[in-house]
Number of protein chains: 2
Amino acid sequence: MNLRDLRYLLAVVEHGHFGRAAEASGVSQPTLSVQLRKLEAELGVVLLERGARGVAPTAACRRLLPHVRAAVAEADAIQAQARSLRDPLSGPFRLGIIPTLAPYLLPRVLAGLRARLPGLEIEPWEDLTDSLLERLREHDLDACLIATEPDQPDLLSRPLFDEPFLAALPPAHPLAARDTIAEEELARDILVLAEGHCLRDQALAVCRAATAQPMRATSLATLMHLVAAGYGTTLIPALAAESARDMGLVVRPLAPPASRTLRLVWRARSPRRPAVDALAEAIVALVARPSARPG
Amino acid sequence: MNLRDLRYLLAVVEHGHFGRAAEASGVSQPTLSVQLRKLEAELGVVLLERGARGVAPTAACRRLLPHVRAAVAEADAIQAQARSLRDPLSGPFRLGIIPTLAPYLLPRVLAGLRARLPGLEIEPWEDLTDSLLERLREHDLDACLIATEPDQPDLLSRPLFDEPFLAALPPAHPLAARDTIAEEELARDILVLAEGHCLRDQALAVCRAATAQPMRATSLATLMHLVAAGYGTTLIPALAAESARDMGLVVRPLAPPASRTLRLVWRARSPRRPAVDALAEAIVALVARPSARPG
DNA sequence: ATGTCATCATAGATTCGATCTATCAGGGAC
DNA sequence: GTCCCTGATAGATCGAATCTATGATGACAT
């Protein structure tokens, strides 16, 4: 069975006349005659009652017509939707983001992304780096924002921007009065995230500390609350500074400075490379000059 | 676009593998490769991300898949429904019946027809002869039961059975005591149906009367009620006798007898001739030996 | 590293099917 | 009876789908 033949059938039923249906379909009258006879033979059902003054659908045909119309309509829907998906910068785009970045980056850039890439429907997905990369490889995500460099051959990445690390202290902490803080000074009572967070490893590396402390916050927000409650200090990425200050923390730059590099990762074979590139550039621009937050 | 290609797409998406999808589709792997590339070119959308270990649908493809599945499902529904319509004795069958016959014939035969022709879904349509024949010619009906012989070249008919006319009288009528009644005796105070009813013409012909009486009942039931109320006499077809007696009328045979011939009419070109013939024979058999009425 | 295996893509030949033009056949209408 | 309109048929032509054989590429293991 063929969509073309179904369209022929609809044309003949609509016009009640082979010749006019043929003209409307852009083919010759014998074509319709032959093809519709074939369709009848294939279905084993007489669809048309031919008369000297035209043609009428049989009862069986009338029974089938709803399905025929539905099939043709779905085919048209496929083409219509494909037309709107033809723009490489449109359609759903699933973007994985690590938890120490998502809550602080997304409010800054989402509105701007909608303005710059109106066709791209970004669906954020928050998870730890390893899970994100696994999902990315399984085609569950289109790209990921992470803070490490993946070394898998089927994944490519590009750096977006560097995010400095900052010291976050309770106001009553002895170091809170200082303008800058050295890494070693922070190491003594630093609190870190649970395992799996790249920020945990980076914080420990920066401070050259191998803490085996029992407190392992599962989110940066939790961690900052712990610091605010006086349980210790921590290292936060720059984009979280505003949130940290809102919680009453004292935020100080490190001396010498340290940072992490945020990278956008995608599958080497992904056909969405244009969208990936556009997204990367948009994020860089929006982070450098953040757009207003959506009301 | 082609239903075949849509099925290919579904197979590849389902198997995630061109080779296995090809096997499942009964074609070679290059066929799928070529056809799906063509489909992508036609839609202008990359549907599949080819990898070294298989293939995955793109985000755009996932967007389209519901429509693709729907189109294929509708096509399958067409074939499934066609299979069940393949039996010439099945499917909807619109049967026109004149009003002086329908209420008395249908209760006698409908249950039996369902038993003898279980696939045939008879949809009765009650109207005057001329309207019925017009609808029949316009393909709005598959066949008609009427009491006259149509003389249109595109319509064929066959007689089913003769239905005697009977005299119907109020119990108090002077003729009610007689065993049989002559036509002339009835003519004096006969009531007839409104124009358009063939029974009106037949009654007038039988009784050689040209009444211009004001009372023109629009249904046989009304007419019989008028007779029961003592407004006159009338001629009824035999199948209405039971109903007439239920209303308290006296029913008597004519001497000499008169009758009308009920015919089944269909379009000369109708492809439903097998159903028409089966229906004709079933009705004849059921009228001769009526089945039990449905409870 | 390097060979091996698996995967999809490509090329050329072949077969099948859709379509065209020209013509036929049948029914109504006058 | 004759004409005209309708759909059906025939034979040729063109295009498209498919096949087999082979290439290209990447992953994995030794």
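A salt bridge is a side-chain nitrogen of Lys or Arg within 4 Å of a carboxyl oxygen of Asp or Glu. This is a predicted model, in which local features need pLDDT of at least 70 and side-chain atom pairs count only at pLDDT 80 or more, while totals for chains, interfaces and linings use all residues. Residues are numbered from 1 along each chain as its sequence is written, chains are lettered from A and ligands numbered from 1 in the order in which they are written, and side-chain values use heavy atoms, with hydrogens and water left out.

**Exercise 1. Salt bridges within each chain**

Solution. 

Step 1. For accessibility, buried means under 20% relative accessible area, exposed over 50%, and partly exposed in between (1.4 Å probe, protein chains only). B:Glu281 is partly exposed at 48%, and B:Arg158 is partly exposed at 23%. In chain A, salt bridges that share partners join A:Arg158, A:Arg273, A:Asp277 and A:Glu281 into one network.

Step 2. Because A:Arg158 lies in strand E6 (residues 155-169) and A:Asp277 in helix H11 (residues 273-288) of chain A, the pair ties together parts that are 119 residues apart in sequence.

Step 3. B:Arg7 is partly exposed with a relative accessible area of 32%, and B:Asp76 is partly exposed at 34%. Over all chains, the count comes to 32 salt bridges.

**Exercise 2. How the two copies are related**

Task: State which rotation superposes chain B on chain A, and which residue of chain B comes closest to the axis.

Solution. 

Step 1. Two copies of a chain are related by a rotation about an axis and a shift along it.

Step 2. Here the rotation is 180 degrees with 0.0 Å of shift along its axis, and the RMSD is 0.2 Å, where the copies are superposed by least squares on the C-alpha atoms of residues with pLDDT of at least 70 in both. The two copies are therefore related as by a two-fold rotation axis.

Step 3. Of the residues of chain B, B:Ala71 comes closest to the axis, its C-alpha lying at 2.3 Å. The same surface serves both copies, as 100% of the contact residues of chain B recur in chain A, contact meaning heavy atoms within 4.5 Å.

Step 4. A:Gln81, in helix H4 (residues 59-85) of chain A, touches B:Arg63, B:Leu64 and B:His67, not counting residues up to four places away in sequence. The side chains of A:Gln81 and B:His67 make a polar contact at 3.2 Å.

**Exercise 3. The surface near each DNA strand**

Task: Describe which residues surround DNA strand C and which surround DNA strand D, and say which phosphate oxygen distances occur.

Solution. 

Step 1. DNA strand C is surrounded by 22 residues, the closest being A:Ser28, A:Thr31, A:Lys38, B:Ser33 and B:Arg50 (a residue is near a strand if one of its heavy atoms lies within 4 Å of it). Of the atoms of DNA strand C within 4 Å of the protein, 83% belong to sugar or phosphate.

Step 2. Phosphate oxygens of DNA strand C lie 2.8 Å from a side-chain N or O atom of A:Tyr8 and 3.0 Å from a polar backbone atom of B:Phe18.

Step 3. Around DNA strand D there are 23 residues, of which A:Ser33, A:Arg37, B:Thr31, B:Lys38 and B:Arg53 come nearest. Of the atoms of DNA strand D within 4 Å of the protein, 87% belong to sugar or phosphate.

Step 4. A phosphate oxygen of DNA strand D is 2.8 Å from a polar backbone atom of A:Phe18, and a polar side-chain atom of B:Tyr8 lies 2.7 Å from a phosphate oxygen of DNA strand D.

Conventions. A polar contact is a pair of N or O atoms within 3.5 Å; within protein, one must be able to donate a hydrogen and the other to accept it, and residues adjacent in sequence count only if both atoms are side-chain atoms. Helices (H or I, at least four residues) and strands (E, at least two) are DSSP runs, numbered from the N terminus.
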